[in-house]
Amino acid sequence: MCGIVGYIGGREATTVVLEGLQHLEYRGYDSAGLAIFHNGRIELRRSVGKLENLRRILESEPIIGYIGIGHTRWATHGKPSESNAHPHIDCLGETVVIHNGIVENYLRLKNQLQAEGHIFRSETDTEVIAHLVEKHCRAGDPLVEAVRKMLSQVSGAHAIVVMSAREPDKIVAARLGHAGGVVIGLGEGEMFIASDAPAILDHTRRMIFLDNREIAVVQQDGVVCLNLEGERLLKSSQIVPWDPIAAAKGGYKHFMLKEIHEQSTAVMDTIRGRLECQPPRLYLEDVLFSPQELRNFEKVTIVACGTAWHAGLIGKFLIEELARLPVEVDYASEFRYRDPLVDERTLLVAVTQSGETVDTLVSMEEAKKKEAKILGVVNVVGSQASRIADALIYTRAGPEIGVASTKAFTAQLVALYLFAVYLGQGRGLLNEDRVRELLQDIAELPVLVGETLARPAEIYEHLANVYFKCHNFLYLGRGINYPVALEGALKLKEISYIHAEGYPAGEMKHGPIALIDELMPVVAIAPRDRVYEKVVNNIQQVKARGGIVISVASDGDEEIREKSDHVLLIPRTSYHLTPVLAVLPLQLLAYYIAVRKGCDVDQPRNLAKSVTVE
């Protein structure tokens with residue numbers, strides 16, 4: 001959720017840190033700050049609001065230095081204010097801390113520290129970390145030992161970066177639990193620290209990812225990694241394949257629009273190298289379950305949050321039909337608080353774009369304790385989820401900067417489709433002809449996605465002009481496209497702040513029909529599939545009550561035009577892949593309505609890209 005950047009080297013640290021924080025703006029934040037070691041002391045600059053406010057402060061009060069740390073914060077403890085913004089400093093002005101996570105026992109620690117004479121200047125839980133490190137340093141401990149002792153005292157999950165004027169040749173970073181990533185970037189005569197790889201991709205692609213209970217001592221000429229017991233670790237670096245140019249808008253008005261139009265490429269990249277035609281089979285390079293293991297699974301449980309949960313619902317349809325295994329789909333935030341019935345015969349599928357979503361990570365660990373096998377469907381290479389999982393499908397969607405997920409969602413759908421076919425084939429349920437048919441369908445999908453997105457934007461702009469003042473929308477879908485209705489409603493509410501609800505179309509008459517009038521648009525997902533007639537009946541029920549109908553329908557469907565006020569057409573494809581195409585018009589509809597309302601499309605209020613605290 002919060003953004004972390006650190007630098008030590010020969011360049012001016014303020015510039016490097018600010019540029020890194022700018023690359024993390026997509027996470028969302030309400031304040032920002034940095035600390036630079038300058039002329040023998042640490043200096044802070046902090047501000048409420050966007051990074052531009054911090055830049056203005058630095059223009060009037062510049063700091064020159066070659067080691068520094070910076071942070072963008074979403075408020076958890078304490079309102080957004082300059083005093084609550086990170087970094088936080090100790091009583092002596094010697095130790096500064098930036099932090100992602102929640103110190104669950106901070107009140108007890110704060111009371112204890114205040115009783116010992118420590119002066120607190122903020123309302124945050126993070127400040128106790130600075131004072132704990134100060135306390136241990138005063139007792140004579142070197143910085144890394146002080147950090148190690150501090151980590152044994154705080155409860156919760158944390159990503160922490162500490163800098164001290166006592167030891168200005170190093171920065172200490174640590175990860176405890178699953179409160180967000182800690183990435184160490186390896187340069188030549190310079191080192192970088194970040195909470196997410198895009199922050200430092202301009203400078204290096206060679207990175208080390210800290211795992212739970214690990215500490216990194218970062219100096220200009222290298223990094224030493226330790227575990228929480230102080231034992232030295234041998235950690236290898238990884239080459240992260242993202243191109244920093246991909247984070248630029250490339251001529252689009254917003255990142256979200258750019259990422260919507262990148263979906264043909266994202267789908268192709270998810271498929272690339274994974275299909276074999278003769279004999280027809282799937283090659284999932286990081287899924288190494290044996291045929292016997294695949295046959296031994298008795299059920300699948302999918303855990304995810306938000307948009308990824310919608311992908312999981314579609315995955316349920318795919319896996320149950322193609323692999324004939326019962327599938328449960330859980331919100332990860334709920335899964336962790338019950339005693340789930342999973343065991344060694346269960347396959348847990350964790351779907352997470354960032355690979356750092358705390359609820360999903362804890363769910364994975366809970367399942368692992370019960371001896372379930374875990375498959376991760378993940379976008380970010382080196383993320384925590386990718387290290388917990390027994391098997392992986394990287395979606396390869398590339399960096400997604402817009403907070404409202406678009407290309408990551410469709411890539412997840414494709415990955416789940418691939419796995420459903422793989423599972424069905426591995427369990428001996430799909431013969432060669434059926435596999436060949438399914439692979440042919442997915443091979444054609446990138447072209448169909450591109451064709452859908454190439455259609456004129458004017459219809460969406462027209463709909464936005466007509467309906468942007470509406471206060472409520474209802475989205476309806478049936479079968480495999482019911483989750484698409486949920487996702488369409490989520491996109492609209494996320495970025496336009498219009499209240500929207502998604503429903504199974506058959507449930508409309510069990511309550512939501514009472515809301516329908518001439519002021520509430522109803523969006524119906526109605527491709528020509530096995531439940532088409534059922535959805536048309538629901539559309540007629542809406543029209544009979546004076547409702548407005550916007551239908552997502554298949555090319556050439558003239559019947560539905562007569563029953564709808566507006567029609568958004570998509571190409572025809574197989575039943576299993578209609579969700580990938582059907583969601584595209586809903587993304588565009590939400591986007592153009594939000595733009596018409598003047599909303600911040602890429603950074604909607606109150607939302608963050610990677611939710612790494614509970």
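The expected span of a helix is 1.5 Å times one less than its number of residues. In this predicted model, helix α11, residues 358–369, has twelve residues and reaches 17 Å from its first C-alpha to its last, close to the 16 Å expected. The chain as a whole holds 19 helices and 27 strands.

**Overall chain**

- The radius of gyration is 25 Å, close to the 25 Å that the globule rule gives for 614 residues, so the chain is as compact as a globular protein of that length.
- The C-alpha trace spans about 80 × 55 × 40 Å along its principal axes.
- Of the 614 residues in the chain, 61% are buried.
- Among contacts with a separation of 6 or more, 71% are accounted for by residues 24 or more positions apart.

**Helix α11**

- The buried residues in α11 are V358, D359, T360, L361, S363, M364 and A367.
- Their cover includes the strands β8 (170–176), β18 (299–304), β20 (346–352) and β21 (373–378).
- Helices α10 (332–335) and α12 (384–388) are also included in the cover over the buried residues of α11.

**Helix α14**

- Helix α14 runs over residues 432–453, and its 22 residues should span 32 Å at 1.5 Å a residue; the end C-alpha atoms are 33 Å apart, which agrees.
- The N-terminal end of α14 is capped by N431, with a side-chain oxygen 3.2 Å from the backbone nitrogen of D433.
- At L445, α14 bends by about 35°. A proline, P446, follows within four residues.
- Both L445 and P446 are buried.
- Other buried residues in α14 include V435, L438, L439, D441 and I442, and also L448, V449, T452 and L453.

**Cysteines**

- A disulfide requires a pair of cysteine sulfur atoms within 2.5 Å, and by this rule the count is zero.
- C91 is in no disulfide, and its nearest cysteine sulfur, that of C137, is 13 Å away.
- C91 is partly exposed, with a relative accessible area of 21%.
- C470 is likewise in no disulfide, its nearest cysteine sulfur being that of C599, 14 Å away.
- C470 has a relative accessible area of 14%. Buried means under 20%, so C470 is buried.

Terms used:
Residues are numbered from 1 along each chain as its sequence is written. This is a predicted model: local features need pLDDT of at least 70, side-chain atom pairs count only at pLDDT 80 or more; totals for chains, interfaces and linings use all residues. Side-chain values use heavy atoms; hydrogens and water are left out. Buried means under 20% relative accessible area, exposed over 50%, partly exposed in between (1.4 Å probe, protein chains only). Helices (H or I, at least four residues) and strands (E, at least two) are DSSP runs, numbered from the N terminus. The bend at a residue is the angle between axes fitted to the seven residues ending there and the seven starting there. A polar contact is a pair of N or O atoms within 3.5 Å; within protein, one must be able to donate a hydrogen and the other to accept it, and residues adjacent in sequence count only if both atoms are side-chain atoms. The radius of gyration is taken over C-alpha atoms; the globule rule is 2.2 Å times the number of residues to the power 0.38. Contact means heavy atoms within 4.5 Å.
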